[in-house]
Amino acid sequence: MTIKLREGAPGARLLGLGAYRPRRRVTNDELSQVMETNDEWIRTRVGIAERRWAAEDETLVEMAVAAGGKALAASGLSPDQVDLVVVASASLRAPIPGIGPQVAHRLGVPRPGSFDLNAGCAGFCYAIGVAADAIRTGSARHAIVVGVERLTDVTDLNDRATAVIFADGAGAAVLGPSDEPEIGPVVWGSDGDQYNAIEIAAGSSTMTMAGQAVYRWATTKLTDTLVEAMDAAGVGPQDIDVFAPHQANLRIVESMTKRLGFGERTVVARDIVQAGNTSAASIPLALTALLESGEAKSGDLALVLGFGAGLTFAGQVFRLP
Ligand SMILES: CC(C)(COP(=O)(O)OP(=O)(O)OC[C@H]1O[C@@H](n2cnc3c(N)ncnc32)[C@H](O)[C@@H]1OP(=O)(O)O)[C@@H](O)C(=O)NCCC(=O)NCCS
């Protein structure tokens with residue numbers, strides 16, 4: 001006898017986005033009071049003007065619930081319509097249990113499939129790929145995907161090259177079925193030969209980064225992935241309204257924008273200037289900011305790409321909710 005499969009939806013789409021930015025803003029000048037650095041170096045090397053640092057009460061779960069709740073409200077769904085919750089994070093301090101089930105519970109979602117996903121700064125795009133495929137194959141009907149980080153928990157303030165870059169925050173998306181595909185295929189991969197370019201080594205509590213190796217990798221290897229993501233969705237650069245790569249470093253964002261030939265017509269996310277590098281949270285944070293400011297609008301076609309520790313990468317094209 002053959003095993004029966006579920007019938008999924010013809011496509012998946014984003015129904016709502018939400019974000020949470022920690023209360024405390026930390027400027028470059030403030031950092032220069034506690035470490036050997038200065039505003040000019042930080043702005044020219046990484047393009048960051050300020051970042052948010054989470055307070056003690058702004059835990060991973062609290063921030064994930066805040067962002068997820070806003071995305072849920074924006075989607076118009078009630079929690080009991082959700083049957084999958086995926087939390088992407090690279091800064092979980094306790095491996096057991098994962099925080100997905102707790103986040104889902106706090107959002108009032110009854111008994112969803114739920115898990116954490118760690119693909120470094122690529123986590124949000126990996127999770128969107130997984131959730132969209134789950135909807136298309138019938139494993140889920142509606143999903144919440146959250147990217148949440150407290151990178152300040154794992155940053156060594158004595159390591160000025162990482163301490164000025166990494167920050168905290170959360171972003172979330174709600175996904176559901178659609179007759180026409182509104183989320184393109186995920187293009188994902190990894191370059192494990194550079195597995196330790198960004199790492200918290202076993203027994204250590206802080207992150208180290210081979211900054212120049214990561215910079216070289218991001219600016220040379222990932223343009224092809226962006227082109228592949230557009231090809232997979234059957235669109236070209238001329239169709240892209242919003243380009244929102246992971247907000248790792250403004251110079252990487254500018255390099256990718258130039259290599260892809262995006263001109264005035266395409267809005268480019270530069271949320272890193274205000275938010276710093278928030279890893280798995282950076283893309284939904286950036287998209288939410290663009291929608292709130294009116295630079296992007298509902299229905300726009302966005303190209304996103306997450307990349308980071310692993311080294312991992314994942315990108316796709318989707319329509320903004
Ligand atoms: C991290 C990064 C900004 C460092 O820039 P860099 O040009 O490679 O810097 P280096 O580490 O070679 O250091 C250059 C000099 O700046 C100094 N420096 C490093 N951090 C500094 C800081 N925050 N403020 C002032 N000076 C700093 C170094 O000590 C060094 O000084 P020296 O020449 O006197 O020895 C850069 O490598 C980078 O952006 N990499 C990509 C990182 C990234 O995007 N990671 C996220 C991936 S998810």
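So, to start: in which sense do β1 and strand β7 pair, and over how many bridges? They're antiparallel, and the pairing runs over nine bridges. β7 here is residues 168-178. If you want one spot to look at along that pairing, take G16, which stands opposite V174 in β7. Keep in mind that this is a predicted model.

Okay, let's zoom out to the whole sheet. It's an open one, five strands, and the order goes β1-β7-β6-β4-β5, with mixed pairing. At the edges you've got β1, residues 11-20, and β5, residues 113-117. Each of those has a single partner strand, so one side of each is left without a neighbour in the sheet. From one strand to the next, the twist averages 15°.

Now, what lies across these strands? Helix α3, residues 60-75, lies across β1, β6 and β7, and its direction is about 130° to β1. Then there's helix α11, residues 282-293, lying across β1 and β7 and running at about 85° to β1.

Last stop, a helix pair. α8 is residues 223-233, α9 is residues 250-260, and their axes come within 10 Å. What's the crossing angle? Roughly 55°. Anything from 65 to 115 degrees would count as roughly perpendicular and anything under 35 as roughly parallel, so α8 and α9 are oblique to each other. The crossing is right-handed.

And who's touching whom? From α8 you have T223, L226, V227 and M230, and they meet M256, R259 and L260 in α9. Sort the residues of that contact by type and you get five nonpolar, one polar and one charged.

How values were computed:
Residues are numbered from 1 along each chain as its sequence is written. This is a predicted model: local features need pLDDT of at least 70, side-chain atom pairs count only at pLDDT 80 or more; totals for chains, interfaces and linings use all residues. Side-chain values use heavy atoms; hydrogens and water are left out. Axes are lines fitted to C-alpha atoms, for helices over the stretch in contact, and angles run from 0 to 180 degrees between N-to-C directions. Helices (H or I, at least four residues) and strands (E, at least two) are DSSP runs, numbered from the N terminus. Angles under 35 degrees count as roughly parallel, over 145 as roughly antiparallel, 65 to 115 as roughly perpendicular and the rest as oblique. A crossing is left-handed if the near helix is turned anticlockwise from the far one by less than a right angle, and right-handed if clockwise. Contact means heavy atoms within 4.5 Å. Ala, Val, Leu, Ile, Met, Phe, Trp, Tyr, Cys and Pro count as nonpolar, Asp, Glu, Lys and Arg as charged, and the others, Gly among them, as polar. Two strands pair if DSSP finds at least two bridges between them.
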